[in-house]
Structures are given as structure tokens and as C-alpha cells.
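Welcome! Please take a moment to look over the sequence and the 3D structure, and then read the notes that follow.

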Amino acid sequence: MANTPDIEKVKKDITSYPLDSDQAIESFRLTYLSRKGIITELLAGIGKAAPEDRAWLGKELNALKKLAASRFEEAKAAQASDTASRVAATDDSTLPPPPLPTGSAHPLSQTLAEIKNIFYRLGFTIADGPELEDDFHNFTALNFPPEHPARDMQDTFFIRKDEQDSSHNLVLRTHTSPVQIRLMMNQKPPFRAIMPGRVYRNESITAKSYCLFHQVEGLYVDINVSLADLKHTLITFAGHLFGKELKYRIRPSFFPFTEPSLEMDIWWETGNRPGQWMEILGAGMVHPNVLKAVDIDPEIWTGFAFGMGVERITMSRYEIDDIRLLYDNDIRFLTQFP
Ligand code: DAH
């Protein structure tokens with residue numbers, strides 16, 4: 001058996017040959033399967049083997065050839081499908097681009113847009129003012145008496161607090177009503193404007209209250225404006241926002257800057273929850289002291305004002321039971337409002 005080739009070694013080499021590239025596959029083919037390859041050479045050598053060895057040698061070499069051929073075919077197929085998928089994955093500049101994932105307006109922005117839209121149709125313009133306010137605009141001009149407990153109605157974030165002279169105080173505005181003052185000081189009556197914006201209150205954070213929220217203030221000042229005008233405006237507004245079937249009630253209330261003052265509730269039924277009254281806004285006839293504070297003659301001009309909470313309205317429209325969801329920016333929440 002001196003001349004019999006080391007079939008086991010060739011077999012091992014075939015099985016372990018790395019076939020990881022087109023070049024490797026081609027050199028494998030040349031080494032083992034081509035006309036000048038090892039196996040062809042070995043087969044040609046059968047004739048020189050001892051006659052009693054020729055049969056088994058032929059069988060072994062044919063098995064070897066089959067093994068090499070099947071490794072070759074397999075590697076080629078794998079390489080081809082790999083190439084195909086790489087081609088599919090590369091950019092084809094002639095294809096339209098895949099759609100970009102788009103965001104959507106925050107539910108608060110959606111509610112605010114609708115509120116603005118309704119008042120726009122009722123002839124109101126939009127005004128705004130700073131979130132950092134002084135004591136005069138946030139309290140004094142709005143007829144909050146100095147050191148009066150009415151100021152405690154609103155838990156204030158003080159940016160600057162002067163214990164001797166509260167007129168030096170700077171606060172994060174606790175409501176949008178100071179924008180009424182700015183509007184009336186900067187322009188001449190009549191006024192018909194809404195004033196949306198952020199407000200801040202130093203309250204503990206719960207499912208129902210947050211340290212900041214949004215209000216929409218409204219102001220209508222003209223000659224002979226009456227409580228009936230206020231009622232009509234509010235009912236028209238609520239009808240547009242909540243639908244024609246609206247059930248509402250108007251209750252007397254108190255605010256330093258209006259007299260008389262009122263609050264409006266709507267009857268709110270959602271899903272399987274029992275219906276309930278929900279307060280959506282405060283309002284009233286602008287107090288003569290407020291008009292005097294901004295140099296407008298209350299004997300000539302009268303007006304009404306109102307203020308509503310955007311979070312409250314949004315939460316009822318979308319059945320959101322925790323105000324904090326509106327501020328977490330959790331994408332799983334936000335994508336529910338396309
Ligand atoms: N500023 C009030 C608040 O934050 C809301 C309000 C009530 C505004 C009555 C008004 C109004 O303009 O007339 O609670």
C-alpha cells in the first residue's frame with residue numbers, strides 16, 4: 001500500500017476548507033475539482049495502484065469527489081443568496097424614499113388649536129404676554145388687595161420676594177389674567193381678544209394638579225357690554241367645542257377682578273362612567289377697579305372676561321385620567337393622538 005494516497009487527509013482538507021468568499025470558492029474548485037485538480041490526479045493514479053486495491057480506491061475517490069462537489073455547490077448557493085440580499089438592501093436611488101415616521105400635534109396643542117379656531121370665528125384676536133410677571137400685573141391691577149387672602153387663592157412661585165414692599169415681587173404668572181392688563185394698557189378700547197398661555201402654581205403634583213398648566217383668557221370690552229353677551233359667548237363657545245347636545249349650568253362665583261363673577265360647568269358623560277358636572281371656566285363682568293387701574297373710564301366702557309383651563313378640557317375630551325401623562329412625553333401615550 002506504499003503508493004495509496006492519504007485519502008483521510010484530503011477528506012479533512014476538503015471539509016475544513018474555508019469557503020467564505022467568491023475567491024475562496026473558486027480556488028477550492030481549482031484545487032479539487034478542475035481537470036488539473038487533486039482528485040482528477042488521484043483518479044488518474046488508480047491505474048498505477050495494485051490491482052486488488054483499485055476497486056476500493058475508486059470507490060473512495062468517487063466519494064471524495066462527490067464531497068468536494070457538494071461543498072462547492074452549497075458554498076456557491078449560499079454566496080449567491082447573500083449577494084442577492086445585499087443588493088436588495090442597498091439603496092436604489094430611483095425608488096421613492098421610505099416614508100418618514102411623522103409625529104403628531106400634542107393633545108394640548110390640538111385642544112388649544114380648536115379653542116383658538118372657535119374664538120377666531122367669533123371675531124376674537126389673539127394676544128400674549130410674558131410668563132415672568134410683576135406683582136402689579138399678576139395681582140394689584142387685577143384688584144387683588146395688598147396682603148389680602150385672595151392672593152392665597154393661587155399658590156405662587158416667587159422669583160423675587162420683597163418682604164417690605166410686595167410691589168417689587170416677581171412671580172411666575174399664576175394665571176393668564178395679567179395679559180388683560182397688558183393689552184388694555186398698550187391699546188385703546190374696544191377689545192375682543194383671547195390670550196392663551198402657560199401658567200404656574202406651587203401645588204403638590206398629583207393626578208389632578210401639576211406645577212404648570214395652560215389657560216385661555218378672554219376679554220371683551222366695548223360700550224354697553226352686558227352679562228347676556230357674556231352668557232351668549234360662553235354658550236356658543238361650549239356648544240362648538242363639546243357639541244350641540246351640550247348640557248351646561250352657570251353658577252355664581254367670586255374673583256377679585258370681576259363683578260359679578262360666575263363659573264360654567266358642563267355635564268360630562270364618557271363611556272361607562274356615570275355622568276358628572278365639570279367646571280370648565282371662570283368668568284364675569286370686568287370689575288370697575290380693573291378698568292380704572294389701566295386708565296379706562298368704567299362709566300363709558302364695560303366688558304366681560306373669562307379664563308379656562310386647557311388641561312381640564314383636554315382630559316375630559318380624550319378621557320385622560322392623569323394630568324402628568326400630558327407632561328411625560330411618553331411616546332406610547334402621544335402616538336394615541338394622531
Ligand atoms: N384667572 C382665573 C384663575 O386662574 C380664571 C378667571 C376667572 C379668569 C374669571 C377670568 C375671569 O378672566 O373673568 O382661576
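The C-alpha centres of domain 1 and domain 2 are 87 Å apart. Domain 1 covers 7–84 and domain 2 covers 107–334, with bounds that come from an automatic or database domain assignment. This is a predicted model, where local features need pLDDT of at least 70 and side-chain atom pairs count only at pLDDT 80 or more, while totals for chains, interfaces and linings use all residues. Residues are numbered from 1 along each chain as its sequence is written, and side-chain values use heavy atoms, leaving out hydrogens and water.

**Ser34**
- Look for Ser34 in the loop between helix 2 (22–33) and helix 3 (38–44); helices (H or I, at least four residues) and strands (E, at least two) are DSSP runs, numbered from the N terminus.
- Ser34 counts as buried because its relative accessibility is 12% (buried is under 20% relative accessible area, exposed over 50%, partly exposed in between, with a 1.4 Å probe and protein chains only).
- Beyond its neighbours within four places in sequence, Ser34 is in contact (heavy atoms within 4.5 Å) with Arg29 and Thr40.

**Helix 7**
- Seven of the ten residues of helix 7 (177–186) are buried, so the helix is largely enclosed by the rest of the structure.
- Among these buried residues are Val179, Ile181 and Leu183.
- The buried residues pack against several elements, including strand 5 (191–200) and strand 6 (212–222).

**Ile300**
- Ile300 sits in the loop between helix 9 and strand 10, and at 46% relative accessibility Ile300 counts as partly exposed.
- Ile300 and Ile223 are 77 residues apart along the chain, yet their C-alpha atoms are separated by 6.5 Å.
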